[in-house]
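Please find below a colleague's note for someone who is opening this structure for the first time.

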Amino acid sequence: MKEIPYKIYLDEKELPKKWYNLRADMKNKPAPLLNPATMKPMTENELEAVFCKELVKQELDDTTAYFDIPDEIVEFYKMYRPSPLIRAYCLEKKLGTPAHIYYKFEGNNTSGSHKLNSAIAQAYYAKKQGLKGVTTETGAGQWGTALSMATAYLGLDCKVYMVKVSYEQKPFRREVMRTYGASVTPSPSMNTNVGRKILEKHPGTSGSLGCAISEAVEDATTHEGYRYVLGSVLNQVLLHQSIIGLEAKTALDKYGVKPDIIIGCAGGGSNLGGLISPFMGQKLRGEADYRFIAVEPASCPSFTRGKFAYDFCDTGMVCPLAKMYTLGSNFIPSANHAGGLRYHGMSSTLSQLYHDGLMEAVSVEQTSVFEAAEYFARTEGILPAPESSHAIRVAIDQALKCKETGENKVILFGLTGTGYFDMVAYEKFHDGQMQDYIPTDADLQQGFDGIPAQPEF
Ligand SMILES: *Cc1c(COP(=O)(O)O)cnc(C)c1O
């Protein structure tokens, strides 16, 4: 067997030329998006009022297994891809585990996360359609940054609604976006009807992702030449993110390595969906078996404690409804939650796979996530994003289990990004001010009460 290097780099020529659409191999397809006004499946036409044409096609296509990646996008990818697959020799040694640990590192670009993989694709299709620009929301700021990089590259306008609490806590994120030419508005704002309504009802609100989404959608649909784009949750985003898994699989195949356990953090599900895609495809086709583990915060536990139901994707209820594991569209995680991954719902593709027992999910508390983050930084050198550190936590736990049992399992996890802009959260952790908060059943019930009556069909 070939000796495995610390970093497995692929050649530029080995960059995947096609994205893989996991839905093509699913027996039970994810449920269709519904129109909130009629509760009927959204048609292509209806979706095109909000989203870019080509992206709507990708969103609705449950049968085409591979989509060509346009040359212009491949060129952009070449600036920061293929991303390295790293064998965590140092971590293995420090843990004293017989397990072999690998991670796919997506933090090697200025936006600091995997989000750029879909941002460039979405901006490209907007440009191709002849649009002036795009609108979006951002929470922690990685998606807004990624999108502003992509729109700057292609010469498109970019309007970002940033959740007010992040806007105030992360001024440097905001300035990075402005460096790339985006306009950044704290949400809720007075720019939109939905923002004004929310401000009237809750004057001091620090905002939420669901609310910022409503504002961005309204802005796009009331301005000629604009469409709304979203950085997670949607099928099209999982499709673009399949590049993570395709590269990881190519790199592992080169050395004849087959992972036993594949782990990823889950906010809306895009990095996890992308990482597991080709492996899950094999499992669905009966060619190979893997364990897949989604990791979510205990304070925003959509998979582990949510309901599998049609729900609104935003607070203003202007977006299509999706069938997914959800905590209810008015669920807002506790204010002391610092680690990202705060969206109330989950990708409908991953929700279906989880519902069918094809993957597992666990939730972890934030102090244990930051302990893992710090341990990882001190061992492997990379300062991880809090979101990514959820996956690190569970990878370490699994490796320690192997130490007990003496099994030399192969663990692969997604290291989605770097944490340079999350130093306020790290500071809280270091000062002993970070607390764990697990919502009670009564807390969750408030969110569930907002889930609409389920359509019958
Ligand atoms: C956005 C983000 C996530 C979570 O989003 P998913 O769609 O669940 O992947 C995880 N890690 C980082 C660094 C992010 O920026």
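The numbered points below begin with the basis of the model and then go through its parts.

1. This is a predicted model, in which local features need pLDDT of at least 70 and side-chain atom pairs count only at pLDDT 80 or more, while totals for chains, interfaces and linings use all residues. Residues are numbered from 1 along each chain as its sequence is written, and side-chain values use heavy atoms, with hydrogens and water left out.

2. Around the ligand there are 17 residues, of which K115, S232, G267, S270 and T416 come nearest (a residue is near a molecule if one of its heavy atoms lies within 4 Å of it). By class, this shell is made up of four nonpolar, eleven polar and two charged residues; here Ala, Val, Leu, Ile, Met, Phe, Trp, Tyr, Cys and Pro count as nonpolar, Asp, Glu, Lys and Arg as charged, and the others, Gly among them, as polar.

3. The side chain of K115 places an N or O atom 2.6 Å from an oxygen atom of the ligand, and a backbone N or O atom of G269 lies 2.9 Å from a ligand oxygen atom. On the side of T416, an N or O atom of the side chain is 2.7 Å from a nitrogen atom of the ligand. Of the 380 Å² of accessible area that the ligand has on its own, the protein covers 94% (areas from the Shrake-Rupley method with a 1.4 Å probe).

4. How many cavities of 30 Å³ or more does the structure hold? There are two, a cavity being a set of points, on a 1 Å grid over the protein atoms alone, where a 1.4 Å probe fits but cannot get out, with lining residues having an atom within 4 Å of a point. The largest holds about 60 Å³ of space, and its lining, which includes H337, E365, H390 and D436, has four nonpolar, five polar and two charged residues. The second largest cavity has a volume of about 50 Å³, and among the residues that line it are Y20, R23, N235 and T349.

5. The structure holds zero disulfides, a disulfide being a pair of cysteine sulfur atoms within 2.5 Å. For C158, the nearest cysteine sulfur, that of C52, is 12 Å away. C402 is too far for a bond because its sulfur is 19 Å from the closest cysteine sulfur, in C90. C158 is buried (under 20% relative accessible area, with a 1.4 Å probe and protein chains only), at 1%, and C402 also counts as buried, at 2%.

Notes:
Buried < 20%, exposed > 50% of the residue type's maximum accessible area, 1.4 Å probe, protein only. Polar contact = N/O pair within 3.5 Å; in protein donor to acceptor, adjacent residues only side chain to side chain. 1 Å grid on protein atoms, 1.4 Å probe; cavity = no way out; pocket = protein on both sides within 12 Å on 5 of 7 lines; lining within 4 Å. Points joined across faces, edges and corners; volume = space filled by probe spheres on them.
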